[in-house]
Amino acid sequence: MKRILPCLVLVLLLGAAASPVSAHKLQVVTTFSILQDLVQQVGGERLEVSSLIPSGMDPHSWEPTPRDARAVANADLIIANGGGFDDWLFGLVGGAAQADALVIVVSEGLDVIEHEDSHGHGHQGDPHFWLNVTNAIYYVEQIAQGLTTISPEDASYFRERADSYRQELADLDRWMIEELARIPEENRVIVAYHNAFSYLAERYGFAVADFLVANPEAEPTPRDLARLVELLRGMSRRAIFTEPQIGTGTRYMQSLAKEVQGEIYTLYSDSFGPEAGSYVEMMKYNTQTLMEALE
Ligand SMILES: [Zn+2]
């Protein structure tokens, strides 16, 4: 009997050693679901990544919850978009984060596209950088550097995954340029609910004719609606783009479409949904929608 005991102890030790590996995965917190997907692509199985704003919700009107404060407090790495898109995060970080948690703002260093605010409040920058795929590639690089900083022993794993995902995104970008080039010049116009598409427009050769609101936190005024009605009446192709995460926006755009006998189409901007569960799927869906609406 005495001889069996050491074997049992060894088995127990092996069993105990297997579980803490998975229990100590890096904890990464992102503000919204599109960043969560990009982080997952780079981090693979070496981390757990969550999004504070659930997929399908409008990020602009997000009010952080006590649950968000707890997630931030337990994170090894915190990733925000920046550009005014998720400023509420910085209040949470100041209040709760671990002293050693790294915070990355992925859009830092990118050129901001500003627009003249139609309400006369001066200039506002568009924070939706990721709708230009080359900016998403920049995000991926920022993410890979951040992950490597907090976990240098996984550097080659992250590098390999980031490189192969960047290749996939570069192919996506090229495909979008080729597809969208088939839309006639005179139809290359986007009329949308909120100011989300200036980077997409710049990269893929569109004009953003107008949008109903700069930021969906504010509802449009009758004057905003009248301005868009007039604009659309002067267009031969009256395509109106709305986004699934903004319920009130969809109602306004539907009444606008009725008024000018236009067609409603869906573009994904800030969140995933039934037809688009990842960043790549979202951009493919948007490309197909633009083709259907404007070719
Ligand atoms: Zn938005």
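Arginine 233 and glutamate 259 form a salt bridge, with their closest N and O atoms 3.6 Å apart; a salt bridge is a side-chain nitrogen of Lys or Arg within 4 Å of a carboxyl oxygen of Asp or Glu. The pair links distant parts of the chain, since arginine 233 sits in helix H8 (residues 222-233) and glutamate 259 in helix H9 (residues 247-260), 26 residues apart. Helices (H or I, at least four residues) and strands (E, at least two) are DSSP runs, numbered from the N terminus. Arginine 233 is partly exposed at 47% relative accessibility, and glutamate 259 is partly exposed at 49%. Buried means under 20% relative accessible area, exposed over 50%, and partly exposed in between (1.4 Å probe, protein chains only).

The model is predicted: local features need pLDDT of at least 70, side-chain atom pairs count only at pLDDT 80 or more, and totals for chains, interfaces and linings use all residues. Residues are numbered from 1 along each chain as its sequence is written, and side-chain values use heavy atoms, with hydrogens and water left out.

The structure holds 12 salt bridges. One of them joins aspartate 163 to arginine 159, with a closest N to O distance of 2.9 Å. Both residues belong to helix H6 (residues 155-180); because they are four residues apart there, about one helical turn separates them. Aspartate 163 is partly exposed at 38% relative accessibility, and arginine 159 is partly exposed at 32%. Salt bridges that share partners join Glu141, Arg159, Asp163 and Arg166 into one network. Another salt bridge pairs aspartate 68 with arginine 67, at 3.0 Å between the closest N and O atoms. Here aspartate 68 is buried, with a relative accessible area of 0%, whereas arginine 67 is partly exposed at 45%.

Which residues hold the zinc ion? The ligands are His60 (NE2), His128 (NE2), His194 (NE2) and Asp270 (OD), at 1.9 to 2.0 Å. Donors are N, O and S atoms within 2.8 Å of the metal (3.2 Å for Na, K and Ca); water is not among the atoms, so sites may look incomplete. Along the chain the donors follow the spacing H-x67-H-x65-H-x75-D. Histidine 60 lies in the loop between strand E2 (47-51) and helix H3 (66-73), and aspartate 270 in the loop between E10 and H10, so the pair ties together parts that are 210 residues apart in sequence. Histidine 60 and aspartate 270 are both buried.

The arrangement at the zinc ion is tetrahedral because its four donor atoms subtend angles of 100 to 127°. Four donors count as tetrahedral if all angles lie between 85 and 135 degrees. For reference, the ideal angle for four tetrahedral donors is 109.5 degrees.

Serine 271 lies in the loop between strand E10 (263-266) and helix H10 (279-294). Serine 271 is buried at 2% relative accessibility. A polar atom of its side chain lies 2.4 Å from the backbone nitrogen of glycine 56. Leaving aside neighbours within four places in sequence, serine 271 is in contact (heavy atoms within 4.5 Å) with Ser33, Ile34, Ser55, Gly56, Met57, Gln245 and Met282.

Serine 151 is buried, with a relative accessible area of 3%. Its side chain is joined to that of aspartate 154 by a polar contact of 2.6 Å. A polar contact is a pair of N or O atoms within 3.5 Å; within protein, one must be able to donate a hydrogen and the other to accept it, and residues adjacent in sequence count only if both atoms are side-chain atoms. Beyond neighbours within four places in sequence, serine 151 is in contact with Leu26 and Phe158.

Leucine 231 brings the account back to helix H8. Leucine 231 is partly exposed at 29% relative accessibility. Setting aside neighbours within four places in sequence, leucine 231 is in contact with Val191, Ala209 and Asp210.

Overall, the protein has 10 helices and 10 strands. Of its 295 residues, 48% count as buried. Among contacts with a separation of 6 or more, 65% are between residues 24 or more positions apart.

Key:
Tetrahedral: all angles 85-135°; square planar, octahedral: opposite > 155°, others 65-115°.
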